[in-house]
Structures are given as C-alpha cells and as structure tokens.
Amino acid sequence: MREYKISFCDEGQKLIKFLFKLLPGASKSLIYKSLRKKNILYNNKKANGNEIIKSGDVIEIWFSDETLENFSKKESKEILKGNIEKFSFKDIILYENEDIIVVNKPKGMLSQRDISRQKSLNDYLLEYIKNSNYSGFKPSICNRLDKNTSGTLICAKTFKIAREINELIKNHVINKKYLCLVFGDIKDDLYLKDYLFKNVENNKAIVSNEKKEGFLEIKTKVHVIKSFKLHEYPVTFLEVTLLTGKFHQIRAHLSYIGHPILGDRKYGNNESLEISKILEIGRQLLHSYSIEFPENHCLKELSGMKIKAPIPKDIMCILNKTKMPTLS
C-alpha cells in the first residue's frame with residue numbers, strides 16, 4: 001500500500017482526474033474498477049471518482065510496489081528540437097507568487113509545443129519548477145501568444161488557480177494591452193467592432209463587417225500614441241486593448257482596416273512589407289505590454305495589480321528614431 005497526501009497544488013480537481021495523472025500506465029477501466037473494489041480509498045472511504053479533492057486529503061492505493069511502479073511510469077520524453085537561443089527562465093519572470101508566474105515571453109518562442117516539437121515556454125516553465133511537488137497537476141500557461149509576438153503571459157502553478165485565471169480570461173475581465181507599429185497614418189483613436197472567421201486550411205483569420213455563418217464578433221480598442229515617417233512611409237505607434245480574444249484578432253483586425261502591423265508577412269500589404277524589408281524587420285512588431293487584474297476578484301493578492309513587460313529591442317530601435325512620448 002502507498003499513501004498520497006493532496007497538496008495545495010492539486011486541490012480543486014476531481015479525484016478521478018488526479019488518479020489518471022498519478023497512474024498514467026494504468027487503464028481508465030482498471031482505475032474505476034479499483035475504486036469499486038476499494039483497492040483505492042479516499043480519506044479511508046470508498047469513492048466513485050467524482051469527489052473534489054482538497055489540500056490535506058489522503059489517497060490510499062492498495063497495489064503491490066511492483067504494480068505501482070509500472071503504473072506510475074510515464075511515457076518517455078520526446079526529444080525537443082533546439083530553440084531560438086539559450087536563456088534563463090528566471091530572467092523573464094515579471095511577477096511570481098505561490099500561485100502564478102507572469103513572464104515576458106521572448107519573440108520567436110512558442111507558447112506551447114506544436115507538431116514541430118520545438119521547445120516551448122511551457123516546457124521551460126516545467127523545467128523551472130521541476131523540483132517542486134506537482135505530482136498531479138502540471139503547471140501550465142493560461143493565455144497564449146503567437147510565436148513571434150512577445151510580452152506578458154500568465155502561468156498557473158495549481159489547478160485551482162488555472163481554473164480561476166481561465167475564467168477571468170474567458171469573461172474578458174483581465175485588461176490586456178498591446179503595443180504595435182503599423183503601416184499608415186492613424187490620426188484618431190478607434191473602436192473597432194466586426195466579425196472574424198478562422199480558416200483552418202491556411203491558419204489565417206478573415207474579417208468581415210457583416211455577421212456570417214461561422215464568424216464570431218470581435219471588438220478592438222485602438223489608441224494612437226504617435227505617428228511619424230520611416231523612409232517616407234507613414235507609420236503609427238499604437239496601444240491596442242483586446243475587448244474580445246479571438247484567433248489573430250489584433251493582426252487581422254488592423255490589416256482589415258488597412259493598417260497591418262509592420263513585419264507581419266501573413267496579414268501585411270505591399271507597403272508594410274516593403275518597409276519591413278528595408279528595415280530588416282524579422283517578425284510582426286506586436287508586444288503584449290501589460291495585463292491588469294480586476295479589483296476585488298477571487299485572487300485577492302493580485303486585485304488591481306498591473307504588470308508590464310519592457311518594450312523589446314526591435315520595437316525600441318524604431319521608436320528611438322522618433323521623440324516617443326513616455327508610456328503610462
């Protein structure tokens with residue numbers, strides 16, 4: 001018999017989900033059968049798996065040591081391809097407490113691993129906290145950024161916090177602001193309301209001002225910081241607030257109104273791509289600048305907190321050519 005005590009990291013999830021992660025080598029049917037036969041006890045009682053586990057709860061598993069060892073074995077780790085450049089995860093942390101980590105994701109790094117098997121920020125997160133006790137729940141990122149978009153990204157250390165953060169994101173109550181450089185002269189602030197469809201065939205968003213089948217409503221708030229010229233081309237520095245969070249929303253929405261982000265090969269036009277070529281811009285100049293948590297919400301320690309990510313060098317290189325106003 002082996003006894004497992006639930007830590008604060010794992011509380012808030014169903015017992016059955018915890019057992020699936022604890023015993024990845026066992027079939028689901030065997031785990032359910034073990035609950036029925038009382039070979040797995042929850043707080044010294046028979047359980048059905050639907051119980052919500054809490055910190056301090058105890059699980060007893062009445063298997064032999066050899067069986068437990070076999071069922072506890074996880075699949076061998078995949079060999080990850082090398083990433084952009086070596087860096088210390090600790091160096092990109094903007095804020096950390098026992099529940100969450102907010103980091104400044106570098107450009108060129110995946111938020112989560114995809115079929116390319118390139119090492120992602122989520123992989124680095126797991127390496128950073130590998131010495132902690134996370135037997136059931138694997139810490140993970142809560143929001144995503146495109147590979148070539150830099151800036152603030154939230155990581156949850158516990159299941160309970162991941163659920164609460166995801167709910168705040170889903171309800172659009174975490175205020176997210178982005179900075180970007182776009183082609184064209186935008187004189188006034190904008191409130192954009194249109195509809196977006198994700199084309200899975202080419203992994204590209206289509207925007208329309210009319211509601212169509214499969215299109216979802218998008219809302220984007222645009223604040224003009226400064227307009228200037230680069231090589232005789234008009235450029236505007238923007239602060240963008242996401243009021244909805246859909247696939248490629250900022251990139252597609254700005255392109256739709258004729259002001260694509262510099263360096264954006266997928267949504268750019270001839271002029272923006274020409275500027276990008278002249279300036280040797282290697283990615284879309286979009287940066288998740290800040291996140292602000294709402295007042296009086298479930299995460300009391302973060303209530304009203306605003307966390308900012310420094311403007312990256314490639315954007316600052318262009319801004320330094322102008323008299324950029326101080327950002328609040």
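The charged end of Lys 28 lies over the ring of Phe 20, at 5.2 Å from the ring's centre; a charge sits over a ring if NZ of Lys or CZ of Arg is within 6 Å of the ring centre and within 35 degrees of the ring normal. Lys 198 places its charged end over the ring of Phe 247, 4.5 Å from the centre. The model is predicted, so to speak of local features pLDDT of at least 70 is needed and side-chain atom pairs count only at pLDDT 80 or more, while totals for chains, interfaces and linings use all residues. Residues are numbered from 1 along each chain as its sequence is written, and side-chain values use heavy atoms, with hydrogens and water left out.

Across the whole structure, a search finds four aromatic pairs (ring centres of Phe, Tyr or Trp, the last by its six-membered ring, within 6.5 Å; planes under 30 degrees apart are stacked, over 60 edge-to-face, the rest tilted). The rings of Phe 63 and Phe 71 are edge-to-face, with centres 5.9 Å apart and planes at 75°. Phe 63 is buried at 12% relative accessibility, and Phe 71 is buried at 16% (buried is under 20% relative accessible area, exposed over 50%, partly exposed in between, with a 1.4 Å probe and protein chains only).

Leaving aside neighbours within four places in sequence, Phe 89 is in contact (heavy atoms within 4.5 Å) with Ile 101, Val 103, Leu 121, Tyr 124, Leu 125 and Tyr 128.
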